[in-house]
Amino acid sequence: MGLSTRHLLQLEGAPREDLNLILDTAESFREILDRPIKKVPPLRGKTVVNLFYEPSTRTRISFELAEKRLSADTISFSAATSSVKKGETLKDTVRNIEAMRIDMVVVRHGSAGVPYYLTQCLDANIVNAGDGTHEHPTQGLLDIFTIRRKYKKIAGLRVLLVGDIKHSRVARSNIWGLKTLGASVAVCGPTTLLPYEVERFGVDVYTDIEKAMEGVDVVNILRIQLERQQAGLFPSQREYTNLFGISSERLARLNPNYTIMHPGPMNRGVEITNEVADGPSSVILEQVTNGQAVRMAVLFLLGGADKRETELAKTE
Amino acid sequence: MEFDLLIINGHLIDPGFGFSKKADIGIAGGKIARIFEEGQLNKDEIKKYLGDRVIDAAGAVVATGFLDLHVHFREPGREDKETIMTGSRAAAAGGFTSVCCMPNTQPAIDNQETAKFVTSLAEKGYCRVYCIGAITKNRAGQELSEIGDLVKAGVVAISDDGDYVQNPEVMRRALEYARMFDIPVISHAEDIFLAAGGLMNESFQSTRLGMTGRPAVAEEIAIIRDIKLAGLTGSRLHIAHVSTAGGVEAIRRGKAEGVRVTAEATPHHFTLTDDLIAARFDTNLRVNPPLRTEADRQAVIAGLVDGTIDCIATDHAPHTDEEKDVEFDQAPPGMIGLETCLGLAITELVDKGYLTLLDVIRKLSTNPAAIVGLPCNGLSVGETADLVIFDPEAEWTVRREGFFSKSKNSPFIGRKLKGKVLATIMNGRVTHRAEV
């Protein structure tokens, strides 16, 4: 049994079976990461291209390592050094790259819908590594994987996402994936950073961090970008920290055995204090390790498992 | 009497008088020379005209040719998207005998020379082409264009379409000044700051896709401000492409208060909604103002039904494949609309019981003509022969290859429509004839 799709574009609409298959497969790869030799052969002979049209350190390195550990040949491309600057269209760029006979494309792009667009331009398997502020499905999966490893379940847990929900692709992927797997999800942030009708995601919405933390198992703290302050979405960093920063004093209302997560990169002292980030309940570095396992699982299931006759992933 | 063209067996619907009858029409010298009541025209007479000079309109409606208040023909400046020739050919295919071109060309129609250039190009075209002049020089929203000069060159209205005149003082002066010439000021009502960076309607759909939204209030506030200014100045205001429930309501109230405000709605806003974008990120669904929610769509239809919205206009906005085959946020906003307009109006408004066929014909002919003060002929002897012949029952599927427009950026490709233009006649000349 494989995935119902040959691309990973988004967690919205992804069937529970697919999510569970990825998470279960990731468990095996997670175990490999603890071995002295971390390389396995399933993508031998496959070529994976990492197309990064937005700056990224962690996600790109994570994908590259995952590919190498699956024995794929990999090449990475970032917009700054590409023909994009010469005025070439995205479609031409990717079709040229595909003409070099590649098998999979991992894409990060500033505009929502680009991974879907690539499925219309290419035959390769497409993995979304973040499209605009739409989705970041492997981040959502690695967050869920990290939670599942600790609690041995997802259903029935209470997960709180704190911060800039409006501009967060991580939040969207987390919300869809967690809801599908039966968690209860809450969001909390300044009203200016909560998107229009956010409650229609099926989440509980808070602007009071103290109330939001009540009975929560997992707090996932999103990065607050300084540009948002300049755009007038909140008055100052100081006020943001006062209202929404997570410090150890604020953790009292959480369930015992709570977990602190952050997708990185962190603004220490702004959305999270050192004490919380480095405290015993923080799994922030664990998330990074697990990201490897989850990305290996996704790449393996899309490109390494036996060839399947499957349909394109679609939103509807 | 010798005719240039005979239209036989048609069902005449006259939007002015509202009559509806079976009759045959003889056209000569660009005018309706004679109307034969049913049975008056004998078969031997018809035989003389066999071939190109007779159109059998059996089962079809013959009505006054349509007028579109809102098209972009891109010439001068972007002839790769559309030209006056290709645009007017598309208009003819859609049953239009007249169009009004928006001034956002390169250079803008903010001076006599450009206006005259456009109308001169249209002399050999397939429909009458009128110009709408720019409100402000280079459409920059700062200084008034030479509106008097533009009126002398034949412009029928002024607009900075594509952009809102954000400065209320400039808009006030434009309305006041235009009153001298009794032309309407057409407002693309979207507050620039509230809509800034927006790719689609602000709704749960923009939340879901993480795209910056253009909120409904950007339109509503802009409409309300302009209605207030029109009330203050006593000038004529026309609201382009109304898309929101709040906008429709503001116009309804303005009319009730006696403000001289009129409005148009596009086929895409009474047909499509913003939830369609998620399925394929189709760049042809990117348009300003954006596709809205189902509640807004219903409100636009209600506005058409109760007369708050006077007319249907297409906002025909051609863009090349090269421009549209890109990331969603890189694609220019707009879609073509001339050739799908009637089919959408019949499919979405008549067939679903909102409007009668006569209502739709009025919203495509007499009503828009009245707004810009153009004559709109009826179906009487002596009137100019600007006519459309269409089969309101014929079903057809929109095909990319079927478009006469130079650009193919339509989200309706593949859609099945009811209501097909069979022929268009402008000044007695057949400008379009559907393939049988």
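A cavity is a set of points, on a 1 Å grid over the protein atoms alone, where a 1.4 Å probe fits but cannot get out, and lining residues have an atom within 4 Å of a point. A volume is the space filled by probe spheres set on the points, with grid points joined across faces, edges and corners. Rolling a probe the size of a water molecule over the atoms shows where empty space is left.

The structure is a predicted model, in which local features need pLDDT of at least 70 and side-chain atom pairs count only at pLDDT 80 or more, while totals for chains, interfaces and linings use all residues. Residues are numbered from 1 along each chain as its sequence is written, chains are lettered from A in the order in which they are written, and side-chain values use heavy atoms, with hydrogens and water left out. The model scores ipTM 0.91 and pTM 0.94.

Three cavities of 30 Å³ or more are present. The largest cavity holds about 90 Å³ of space. Its lining includes A:Arg58, A:Ser62, A:Gln139, A:His262 and A:Arg295. Helices (DSSP runs of H or I, at least four residues) and strands (runs of E, at least two) are numbered from the N terminus. Helix α11(A) gives the most to the lining of the largest cavity, with five residues. By class, this lining has four nonpolar, five polar and two charged residues. Here Ala, Val, Leu, Ile, Met, Phe, Trp, Tyr, Cys and Pro count as nonpolar, Asp, Glu, Lys and Arg as charged, and the others, Gly among them, as polar.

The second largest cavity has a volume of about 40 Å³. Among the residues that line it are B:Leu199, B:Met200, B:Asp274, B:Arg286 and B:Phe328. Eight of its lining residues are nonpolar, one is polar and two are charged.

Helix α2 of chain A, residues 58–69, has twelve residues. From its first C-alpha to its last, α2(A) reaches 16 Å, close to the 16 Å expected at 1.5 Å a residue; the expected span is 1.5 Å times one less than the number of residues. In this helix, A:Thr59, A:Ser62, A:Phe63, A:Glu64, A:Ala66 and A:Glu67 are buried (under 20% relative accessible area, with a 1.4 Å probe and protein chains only). The elements covering these buried residues include β1 (47–52), β2 (73–78), α5 (137–151) and α11 (284–304) of chain A. After α2(A) comes A:Ser71, which has a positive phi, near 70 degrees.

A pocket, by contrast with a cavity, is an open set of points with protein on both sides within 12 Å along at least five of seven lines. The largest pocket contains about 1,300 Å³ of space. It is lined by 48 residues, and A:Thr133, A:His167, A:Ser168, A:Gln225 and A:Arg228 lie nearest its centre. Elements that each supply at least two lining residues are α2, α6 (169–180) and α8 (226–230) of chain A, together with α6 (204–209) of chain B. The lining comprises 18 nonpolar, 18 polar and twelve charged residues.

The second largest pocket holds about 740 Å³. Of its 30 lining residues, B:Arg280, B:Phe281, B:Asp282, B:Thr283 and B:Asn284 are the closest to its centre. Helix α4(A) gives the most to this lining, with five residues. The lining of the second largest pocket divides into 14 nonpolar, six polar and ten charged residues.

Methods
Buried means under 20% relative accessible area, exposed over 50%, partly exposed in between (1.4 Å probe, protein chains only). Contact means heavy atoms within 4.5 Å.
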